[in-house]
Amino acid sequence: MQNTHLTLEEIAQLCGGQMPLPVQDSQGAVFSEPWQAHAFAMTLQLHEKGLFTWPEWAAALTQEIRNAQVAGDADTGATYYTHWLNALEAMVLTKQLGTAEQIHDLEHAWEDAAARTPHGQPIVLDVQGSGVSVSN
C-alpha cells in the first residue's frame, strides 16, 4: 500500500490516535512553509520503506513536543514542524539510518544550495559537490 496521499488525520488514526496534530490556519492549511511539507514527505517515505511504524513515529513526535514544552515552548502550534523535524532527526539517529555529522553536513549543504538559488527557482542539492558523505 502506498501512503503518499495520507493526511495528518489519517496518520494520527494509524498511530492509534496518539499523534499530536498541528494547529491549522483559518483556511485549513497544514504547511506554512515548503520545508514543512518536505519534512512530512521524508517521514512518509521512511515509513513506506518500513523503517519505522506509525506508533513509533507518534511516540517520537510526542516525546519531542514534551521535551520542548519542558524547555519552555509556548505550545501555540507555531513550532509543530520544528518538533516534527527534530523527531525525524532523532528517529534517523535511533534507527542508525545516518549520523549526526551527516545530518549536520546535509543541513549546511541545503543552506548553501538555497543561498545559490535565484528566488522562485527550485533548490537543487548537489551532494557530490557539497562534501557531504552519504552512504546508501
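Is threonine 43 buried or exposed? Threonine 43 is buried, and its relative accessible area is 0%. The model behind this value is a predicted one.

## Threonine 43 and its neighbours

Threonine 43 sits in helix H2, which runs over residues 34-48. Its relative accessible area of 0% falls under the 20% cut-off, so the residue counts as buried. Which residues does threonine 43 touch, leaving aside those up to four places away in sequence? They are Phe52, Trp54, Trp57, Trp84 and Leu88.

## Helix H2

H2 has 15 residues. From its first C-alpha to its last it reaches 21 Å, close to the 21 Å expected at 1.5 Å a residue.

An α-helix has 3.6 residues a turn, so residues three or four places apart point the same way. After H2 comes glycine 50, with a positive phi near 80°.

## Helix H5

How far apart are the end C-alpha atoms of H5? They are 25 Å apart. The 17 residues of H5 should span 24 Å at 1.5 Å a residue, which agrees.

The buried residues of H5 are Gln102, Ile103, Ala109 and Ala113. They cover an arc of only 125° around the axis, so they sit on the same side of H5. Glu101 and Ala115 are on the other side of H5, and they are exposed.

## One salt bridge

Side chains of opposite charge can pair when their charged atoms come close. The count of salt bridges here comes to one. Which side chains form the salt bridge? Those of lysine 95 and glutamate 56 do, at 2.7 Å from N to O. That distance is within the 4 Å cut-off, so the pair qualifies.

Lysine 95 is partly exposed, at 31% relative accessible area. Glutamate 56 is also partly exposed, at 32% relative accessibility.

Technical notes: Residues numbered from 1 in each chain as written. Predicted model: local features only at pLDDT ≥ 70, side-chain atom pairs only at ≥ 80, totals over all residues. Heavy atoms only, no water. Buried < 20%, exposed > 50% of the residue type's maximum accessible area, 1.4 Å probe, protein only. Helix = DSSP H or I, 4+ residues; strand = E, 2+ residues; numbered from the N terminus. Contact = heavy atoms within 4.5 Å. Expected span 1.5 Å × (residues − 1). Arc of directions from axis to C-beta.
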